[in-house]
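Try each task before you read its solution.

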Amino acid sequence: MTTSAPAAAPAAAGPSRLPRSFQWLWASAGSATFADGIYQVALPIAALQLGGGPAAVATVYTAARLPWALTALHAGVLVDRFDRRMIMVLANVVRTLTLLCGAAVVMFGGNVLALAAIAFVLGVAETAGDTAMHSITPRVVTKDQLERANSRMQATELVTRFLVGPAVGGLVAGLALGFSFGAVALLYTAAAISAIKLVTRNEPSSAPAKFSVREGLAFLFTRRRLAVYALGVGLVNAGYAAFQTALPIVALQGGPLGLTAAQYGLLIGASGVSGLVLGLCAPTLVRWLGNRGTLLVGQGVLALGIATAGLTLSLPLVVLGIAGTGFLVLGSVITVSYRQRAVPDHLLGRVTAAYRLLAFGGLPLGSALAGGLGAITSPRVVLIAAGALVLVAGLGMAAVTPAQEES
């Protein structure tokens, strides 16, 4: 059963101070996303080391992402039916054991199919663990603390998954690939231990005896704002994925900017730094600008940042543009906090799973956009189109967002 604290505990913490239990949730999420960042670099390197080529890399990446299409909705049912804290713990334990098997495959000469199977199991654990993590936050903090809690969670995820994690992953994998898998396993272990320490508030028992995937989908698509957010975030992710695909072609040696790998790493780092700062400042920006204003600023600057290298090859301006992509975190704070506030607790796992299925569906769409459009035009045109897509999605989400969130 979920560990419960006295009902008065969260109120004592007050809106200005997050409860101690949130620090354990934050630590668990940070450890898991740090592990994800290292793993996303180690996985393709492992596929190549096992004798594969581009097809092998595509195979393991497909295996890693396929569970979001196959199991995400069912993971939502599990999250609503069982103890969310224990699902987080078990998901990270499964990740740890699976990564240890992955280390053995790499060190003792396995094959790409074995690596793909490991990637698939990790993907299944990710769908359950991440859905539980995003659904448990309202049980840890009060509703008026959601923006502050999510600003920390989103900023940490941006930095660990997309900045620090890949950098550490490349360094460790270059030294010893098997050790990099072991380091990821250690981080998932830390995530499991932190989740054990979680203390959640008592929740009223309003859950029905029967749980179905259909209920979550129905709730999502009959709430206009939620549905627009889910589709909008999917389009933003599509634009961002296209940006990630086209930017290296423009920026690295052989492209118009002609940067070295080290210089490119520093360029990308500008996004992580700005994302961290903006994530921590997000609650203040929401108070100053309101929800709609914060969303418009965040998506507008993100769109311009994505398009910058398509519009100009001035390196200082490109650096500013890449820093602007850190504004992605503002939209995440607004949309995630609203979902956690608007959805009844007994439906939150299923709605979150359905929402994230649509949102993550934008990633392969963006890659396809980059490949198809880039083949008939140029990578710089892809960047401009990706920025335009993000801007349109942002305007659509802002249109259904009130200036101030109702209590």
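**Exercise 1.** Over residues 317-336, what percentage of the chain is helix, and how far apart are the end C-alpha atoms?

*Solution.* Start with the ground rules: this is a predicted model, where local features need pLDDT of at least 70, side-chain atom pairs count only at pLDDT 80 or more, and totals for chains, interfaces and linings use all residues. Residues are numbered from 1 along each chain as its sequence is written, and side-chain values use heavy atoms, leaving out hydrogens and water.
Next, read the span: residues 317-336 are 85% helix and 0% strand, with helices (H or I, at least four residues) and strands (E, at least two) taken as DSSP runs, numbered from the N terminus. Finally, the end C-alpha atoms are 31 Å apart.

**Exercise 2.** Find how many helices and strands the protein chain has, and explain why it counts as compact.

*Solution.* First, count 15 helices and 0 strands. Then compare sizes: the radius of gyration is 21 Å, close to the 22 Å from the globule rule for 407 residues, so the chain is as compact as a globular protein of that length. The radius is taken over C-alpha atoms, and the rule is 2.2 Å times the number of residues to the power 0.38. Last, the C-alpha trace spans about 60 × 50 × 35 Å along its principal axes.

**Exercise 3.** State what share of the residues is buried.

*Solution.* Buried residues (under 20% relative accessible area, 1.4 Å probe, protein chains only) make up 54% of the 407.

How values were computed. Buried means under 20% relative accessible area, exposed over 50%, partly exposed in between (1.4 Å probe, protein chains only).
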